[in-house]
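These are my notebook entries on a structure that I had not examined before. I set down what I looked up, entry by entry.

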Amino acid sequence: PLKRIRAVTQHPLFALGVVLAFVFVYNATPDASVMYGQYLADHFEFSEWFLSMNQGVGLLGSVLGCELYARFVARLDQFRVFAVGCVAAGLCYATRVMLATGFSDETLRIPAAYFVPVDSFIVSVLTRIAFMPVLHVASERAPAGFEAFIFELFSVAAIGGSTVGAIVTAHVSSVLGVTTSNWTSFWVLLVVCAATKVIPLVASWFLPRPRAAVEMAPLEGNSEDAADGEGPDGSGGFAAVTADAAVNGSGRSMDTAEAQSTAPAVVAVPA
């Protein structure tokens, strides 16, 4: 039985299933950003063009996060990158708590019209860097010839998790008494969402390691094979270029799915 269990857990499809399950859990955690735009429109009475501009600034932050990951972070320890990114993104909720409590404009004297776009940009950069290691692993675990099928599975897992997350967020909002006419407890909702960012950190320990991290060690011990461009198993040095292929190749399609799945969801908030 132990051998069968070990054989199952070492199968590539099992590793892919773990990644998809993690993507679902990651997106299923409460996220106040689904109500953040509505809060900005109701509380600060920002115009439609300002809200659209703020979303554009957030997208630019996501693009910059991808670029920073590809250039400087892709070859680092992916689990540390994910952990640091999640903690940083969770701490960035503190800036939105400052906005919701009035500390940013009343105490720091920073107008909300300047504070909000800068906050959206920084949070988007950190969130993207934090999630890129998961996209990295998912792109590596896609079986050859089934990339489109895995792409759809990834999209379903992300969208399904986002739907569950929106429902959970709406329920928590109802419990806290957050409505379209009463945003007094919105800062409490932000704190609760920041605290739930610990859940993906715990689940990340079950993610499979990137192939580059697993296979690079044998390559380093066999410099002759590495110099000839071949791995110890005659794989043509595949492990040495896995990270680049995952980030610059199929990782882009995975990133597109994740970007679509994280589009602002409509949450029914009791009036």
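**Entry 1. Cavity lining.** I looked up which helices line the largest cavity and found that α5 (78-91) and α8 (112-141) each supply at least two residues of its lining. I note that the model is a predicted one. The lining residues are Q78, F79, F82, P133, V134, V137 and L207. I then sorted this lining by class and recorded six nonpolar residues, one polar residue and no charged residue. The space in the largest cavity comes to about 60 Å³. For the model as a whole, I recorded two cavities of 30 Å³ or more.

**Entry 2. α5 and α6.** I next followed α5 to helix α6, which spans residues 93-101. Their axes lie 4 Å apart, and the packing angle is about 5°. On the α5 side, I found A89, G90 and L91 in the contact, and on the α6 side Y93, A94 and T95. By class, this contact of α5 with α6 holds four nonpolar and two polar residues, with no charged ones.

**Entry 3. α3 and α6.** I then looked up how α6 packs with helix α3, residues 33-43. Here the axes are 13 Å apart and the angle is about 30°. That angle makes α3 roughly parallel to α6. The crossing of α3 past α6 is left-handed. I listed S33, Y36, Y39 and L40 as the contact residues of α3, and R96, L99 and A100 as those of α6. I counted by class five nonpolar residues, one polar and one charged in the contact of α3 with α6.

**Entry 4. α9 and α10.** Last, I turned to helix α9 (residues 147-176) and helix α10 (residues 186-195). Their axes come within 10 Å and cross at roughly 140°. I therefore recorded α9 as oblique to α10, because only angles over 145 degrees count as roughly antiparallel. I noted the crossing of α9 past α10 as right-handed. Which residues meet there? From α9 I listed T169, V172, S173 and L176, and from α10 V188, L189 and V192. The contact of α9 with α10 divides into five nonpolar and two polar residues, and I found no charged residue in it.

Note on methods
Residues numbered from 1 in each chain as written. Predicted model: local features only at pLDDT ≥ 70, side-chain atom pairs only at ≥ 80, totals over all residues. Heavy atoms only, no water. Axes fitted to C-alpha atoms, helices over the stretch in contact; angles between N-to-C directions. Parallel < 35°, antiparallel > 145°, perpendicular 65-115°, else oblique. Left-handed = near helix turned anticlockwise from the far one by under 90°. Contact = heavy atoms within 4.5 Å. Nonpolar A, V, L, I, M, F, W, Y, C, P; charged D, E, K, R; others polar. 1 Å grid on protein atoms, 1.4 Å probe; cavity = no way out; pocket = protein on both sides within 12 Å on 5 of 7 lines; lining within 4 Å. Points joined across faces, edges and corners; volume = space filled by probe spheres on them.
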